[in-house]
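Morning, everyone. Please bring the structure up on your screens, and keep the sequence beside it.

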Amino acid sequence: MTALKKKNTAILGAAFLMATSAVGPGFLTQTATFTESLMASFGFVILISIIMDIGVQLNVWRVIAVSKMRAQQVANLVFPGVGYLLTFLVVLGGLAFNIGNIGGAGLGMQSVFNISPITGALISGVIAVAIFLSREAGPMMDRFTQLMGFILLILIIYVMFKSNPPFAEAVTRTVMPSKIDAMAIVTLVGGTVGGYITFSGAHRLLEAGVSGEENLPSVTRSSVSGILIASIVRVFLFLAVLGVVSKGVSLDPSNPAMSPFEHILGNAGKIIFGIVIWAASITSVIGAAYTSVSFMSNFHPFIERNSRYFIIGFILISTFVFATVGKPAQLLVLAGTLNGLILPIAMIIILIAAYRSNIVGSYKHPIWIAAFGWIIALIMSVLSVITIANYITG
């Protein structure tokens with residue numbers, strides 16, 4: 001493979017790693033649930049969240065690329081010790097949500113092959129581990145996430161056209177919503193670029209050597225592409241669900257995302273949904289494990305040298321916990337609350353770092369991108385505090 005082809009593969013792979021990390025079982029459930037409650041007006045929430053997601057990615061990916069350092073290293077230079085806090089939050093959130101991702105993969109296997117979720121989770125864990133056993137783990141991960149992303153998208157588009165959604169109303173309400181849910185926006189932004197997801201693609205580009213000011217156009221393209229890929233999946237899923245709920249069909253509260261598939265296609269819909277949720281879950285497993293370990297790898301040369309074995313260990317622990325304990329509800333709730341804090345903390349660190357010469361050298365961070373980032377950081381900080389206050393008092 002030529003150097004240019006390797007670079008292009010890494011750029012596309014980073015975009016898909018970020019996108020497929022975001023598109024997990026929680027992503028599917030949130031999209032279906034909010035579509036049922038907001039109907040066509042959910043299009044407006046998606047539009048606003050896409051704009052905010054792009055603002056986050058532009059700031060984070062550019063600063064990491066120019067600094068040629070991982071996020072935790074940048075954080076420690078901004079405020080000594082904060083990088084360790086960021087690592088703790090990312091790894092805790094990544095582990096907790098990976099247990100849920102493994103569970104989602106198990107449910108997908110159950111829908112397709114009629115086996116138990118635990119057996120399906122174990123098989124899925126083995127598949128994820130196999131990718132990192134290869135010495136070409138990075139390129140293999142890139143190709144696998146791209147393949148799963150394409151399969152996911154094609155199946156959702158098929159179901160969307162079958163559901164025959166009210167396209168005109170969806171377009172109208174996207175720009176003129178009849179109701180707005182601020183917390184839905186926060187949930188979508190946090191679910192798309194919160195926690196480890198913010199850094200997954202940026203760290204992948206660093207590992208592939210796509211960094212420095214000379215590569216900023218490629219980094220920018222990859223960061224925006226990742227958001228657009230995840231957003232396209234969300235838009236088509238939104239339309240698929242809207243086509244069902246607009247006809248008066250209620251979603252199954254125990255599995256709202258599967259309802260439109262089953263309603264439109266019957267038993268075949270269950271199998272197709274099984275493939276969709278498995279593809280979404282297994283790529284999120286890979287993204288969470290890869291990014292979480294990338295946060296630990298600079299703490300000791302041994303971790304850096306053996307990072308793929310630490311990734312394998314991360315996946316095995318997640319699979320073992322799900323197979324023996326299930327999805328520990330309290331851990332998931334706690335991690336979700338902490339995850340809400342990661343985005344504003346990370347954004348503030350990155351925005352300060354963008355103007356520190358000991359981090360970015362002579363690079364001049366565009367003022368409009370920084371201003372965009374500060375607005376998002378402020379909004380997410382306020383709403384995260386409100387969410388945590390409600391959790392503590394509630």
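Start at Leu17, which sits in helix α1 (residues 3-22). A helix here is a DSSP run of H or I with at least four residues, a strand is an E run of at least two, and both are numbered from the N terminus. A word on the source: this is a predicted model, where local features need pLDDT of at least 70, side-chain atom pairs count only at pLDDT 80 or more, and totals for chains, interfaces and linings use all residues. Residues are numbered from 1 along each chain as its sequence is written, and side-chain values use heavy atoms, with hydrogens and water left out.

Is Leu17 buried or exposed? Leu17 is buried, at a relative accessible area of 0%. The cut-offs: buried is under 20% relative accessible area, exposed is over 50%, and partly exposed lies in between, with a 1.4 Å probe and protein chains only.

What does Leu17 touch? Leaving out residues up to four places away in sequence, Leu17 touches Met141, Thr145, Ser200, Arg204, Gly287 and Tyr290. Touching, or contact, means heavy atoms within 4.5 Å. Now find Val385, 368 residues from Leu17 along the chain. The C-alpha atoms of these two are 29 Å apart.

Next, the core. The largest nonpolar core has 125 residues. Such a core is a set of buried Ala, Val, Leu, Ile, Met, Phe, Trp, Tyr and Cys residues, joined through side-chain atoms within 4.5 Å. Helix α13 (residues 267-296) supplies the largest share of this core, with 15 residues. In soluble globular proteins, nonpolar side chains tend to be buried together.

Which residues have the most contacts inside the core? They are Leu28, Leu86, Phe132 and Phe199. Zoom in on Phe199. Its contacts, again without residues up to four places away in sequence, include Val60, Ile64, Ala71, Leu86 and Phe295. Ala71 is one of the buried residues of α4. That helix is mostly covered, with 6 of its 8 residues buried.

Now for charged pairs. How many salt bridges does a search of the whole structure find? It finds 3. A salt bridge needs a side-chain nitrogen of Lys or Arg within 4 Å of a carboxyl oxygen of Asp or Glu.

Take Glu304 and Arg70. Their side chains form a salt bridge at 3.3 Å, N to O. This pair links distant parts of the chain, 234 residues apart. Glu304 is in helix α14 (residues 301-305), and Arg70 is in the loop between α3 (42-67) and α4 (71-78). Glu304 is partly exposed at 37%, while Arg70 is buried at 16%.

Both of those residues touch Ser297, and so does Ile303. Ser297 lies in the loop between α13 and α14. Ser297 is buried, at 2% relative accessibility. A polar atom of its side chain is 3.0 Å from the backbone oxygen of Ser294.

Glu207 is partly exposed at 45%. Arg204 is buried at 5%, and Arg204 is also one of the contacts of Leu17.

Another pair is Lys270 with Glu262, whose closest N and O atoms are 3.7 Å apart. Lys270 is partly exposed at 33%, and Glu262 is partly exposed at 31%.

Terms used. A polar contact is a pair of N or O atoms within 3.5 Å; within protein, one must be able to donate a hydrogen and the other to accept it, and residues adjacent in sequence count only if both atoms are side-chain atoms.
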